[in-house]
Amino acid sequence: MDNEKLAGRCLGSYRFHDGTVYSLDVFSPEEYNINIDTGYRAEKQRRKGGGGGVNHSGNRVVEPEEYDSLSRGIVLVTGSHDQTIAMANVQKLITKESGFTVKASKVASLTGHTSDVYALEVLPEIYSADGQSRVGHLLSAGDYTVRTWDLEKKTAKAVFNGHTGYIACIKIRGKRAFSGSWDTTIRSWNLETGKAMHVFKGHTNIVNCLDVTNTDLFSGSWDQTIIQWSRATGEPVQNFRGHSDGVQCLQVYEDNLFSGSMDKTVKIWSISSGKIIRTMKGHMAGIECLQVVDGVCFTGSYDKTIRCFNVDTGECIQIFEGHTDGIYCLKYYEGLLFTGSGDKSVRIWDASFLIVPNRKRLFWCCSLDTTK
């Protein structure tokens with residue numbers, strides 16, 4: 001089967017929740033130094049030297065399903081309307097028919113939030129101010145709180161309070177976390193001490209999305225604007241105006257800013273000038289989530305589809321179809337695309353052939369949007 005036919009195929013659909021899947025993250029426990037048994041090492045060891053062996057011609061024989069010896073066990077965490085966080089092991093399998101597939105199995109359910117879990121992100125290896133203990137492995141939010149979790153013990157650790165509305169988004173940068181809320185503010189937190197650091201005020205409606213660099217914070221809101229803030233002063237640097245409906249998702253990529261909106265478009269902005277470079281269209285309903293990686297932009301929409309755009313040309317190069325409700329979250333990880341939906345499922349897709357090869361760094365000689 002050729003690469004074009006393989007790209008975009010659904011490798012599996014899983015239901016770990018009784019409600020909409022609003023948030024997800026995917027990680028390798030080895031990469032984050034988290035001691036979680038994914039069952040992968042044991043399975044690889046059991047099959048070591050096996051996998052069908054060698055036939056009489058000296059060619060390796062692949063069984064109908066065989067664990068990929070070059071891959072590693074990964075963990076999927078998802079947050080939902082049902083107020084829980086699910087943990088699942090994901091394993092990559094080599095197959096005769098289509099090259100590879102995946103298998104996912106739920107291993108734990110974390111409880112503690114009192115409302116929808118709108119956001120979560122895996123924590124880097126950070127220790128408390130006294131250096132005695134790790135602050136946690138996962139950060140989540142959704143009710144009026146931000147919470148940390150011990151994924152090894154499957155228990156809650158700390159609770160950060162301060163917001164006066166539901167928390168819609170979080171972002172981690174170094175030893176700081178940032179949270180955006182229905183109360184129209186953004187708060188920053190010191191993860192080592194658990195203390196609140198600063199409150200960013202300027203939006204006039206719900207703060208839906210965040211991204212953070214070493215020097216700046218970017219926030220998108222239902223007020224249809226994006227604000228760039230100075231992390232040093234807490235003051236606005238500039239406003240990005242151009243969307244005609246709420247801004248639901250954004251990401252800083254290279255020297256540009258990508259944003260998705262309920263106006264059905266993705267816009268690429270020059271951060272230095274604040275001008276729109278390109279508008280990417282194709283979705284038939286609002287865009288709820290996006291991720292830019294290695295020359296492509298994945299977008300999830302209320303139209304029940306995920307699209308993949310070439311960021312250099314704006315061309316849609318793949319459409320993923322199969323969900324029966326809107327797409328609220330997504331993440332590309334090691335050739336796999338994970339998506340969460342209002343249909344209460346998580347789907348895993350083959351996206352291994354969609355990365356743009358040998359691309360040049362995105363550069364623009366002007367700041368005019370010619371694609372309106």
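A disulfide is taken here as a pair of cysteine sulfur atoms within 2.5 Å. By this criterion the structure holds 0 disulfides. The sulfur of Cys209 lies 6.2 Å from the closest cysteine sulfur, that of Cys249, which is too far for a bond. Cys316 is likewise in no disulfide, the nearest cysteine sulfur, in Cys308, being 7.3 Å away. With a relative accessible area of 6%, Cys209 is buried, whereas Cys316, at 26% relative accessibility, counts as partly exposed. In these assignments buried means under 20% relative accessible area, exposed means over 50%, and partly exposed lies in between (1.4 Å probe, protein chains only).

The model is predicted, and local features need pLDDT of at least 70, side-chain atom pairs count only at pLDDT 80 or more, and totals for chains, interfaces and linings use all residues. Residues are numbered from 1 along each chain as its sequence is written, and side-chain values use heavy atoms, with hydrogens and water left out.

The protein has 2 helices and 29 strands. Helices (H or I, at least four residues) and strands (E, at least two) are DSSP runs, numbered from the N terminus. Of the 372 residues of the protein, 58% count as buried. The protein exposes about 16,100 Å², of which carbon and sulfur atoms supply 46%; accessible areas come from the Shrake-Rupley method with a 1.4 Å probe, and for residues only the protein chains shown count as cover. Among contacts (heavy atoms within 4.5 Å) between residues at least 6 apart in sequence, 51% join residues at least 24 apart.

Strand pairing is described next. Two strands pair if DSSP finds at least two bridges between them. Strands of a sheet pair through backbone hydrogen bonds, either parallel or antiparallel. Strand S8 (residues 138-141) is joined to strand S7 (residues 119-122) by 4 bridges, and the two run antiparallel. Within this pair, Leu120 has Ser140 of S8 as its bridge partner. S8 also pairs with strand S9 (residues 146-150), in the antiparallel sense and over 4 bridges. Here Ala141 stands opposite Val146 in S9, and a hairpin of 4 residues joins S8 to S9. In a regular strand the side chains alternate between the two faces of the sheet. Both faces of S8 are covered: Leu138 and Ser140 on one side, and Leu139 and Ala141 on the other, are all buried.

An open sheet of 4 strands has the order S19-S20-S21-S22, with antiparallel pairing. Strand S19 (247-253) and S22 stand at the edges with a single partner strand each, so one side of each is left without a neighbour in the sheet. Neighbouring strands of this sheet are turned by 20° against each other on average, direction ignored. For such angles, axes are lines fitted to C-alpha atoms, for helices over the stretch in contact, and angles run from 0 to 180 degrees between N-to-C directions. Strand S21 (residues 266-270) pairs with S22 in the antiparallel sense over 4 bridges, and Ile268 stands opposite Arg278 in S22.

Another open sheet is formed by 4 strands in the order S23-S24-S25-S26, again with antiparallel pairing. Its edges are strand S23 (287-293) and strand S26 (316-321), each with a single partner strand, so one side of each is left without a neighbour in the sheet. The twist averages 15° from one strand to the next. S23 and strand S24 (residues 296-301) run antiparallel and are joined by 6 bridges. Ile287 stands opposite Ser301 in S24.

His283 lies in the loop between strand S22 (276-280) and S23. At 5% relative accessibility, His283 counts as buried. Its side chain makes a polar contact of 2.7 Å with the side chain of Thr299 and one of 3.0 Å with the side chain of Asp303. A polar contact is a pair of N or O atoms within 3.5 Å; within protein, one must be able to donate a hydrogen and the other to accept it, and residues adjacent in sequence count only if both atoms are side-chain atoms. Leaving aside neighbours within four places in sequence, the residues in contact with His283 include Lys264, Ser301 and Arg307.

Two lysines in loops have a positive phi. Lys154, in the loop between S9 and strand S10 (155-160), has a positive phi of about 60° although it is not a glycine. Lys344, in the loop between strand S28 (336-341) and strand S29 (346-350), has a positive phi of about 75° and is not a glycine either. Lys154 counts as partly exposed at 33% relative accessibility, and Lys344 is partly exposed with a relative accessible area of 30%.
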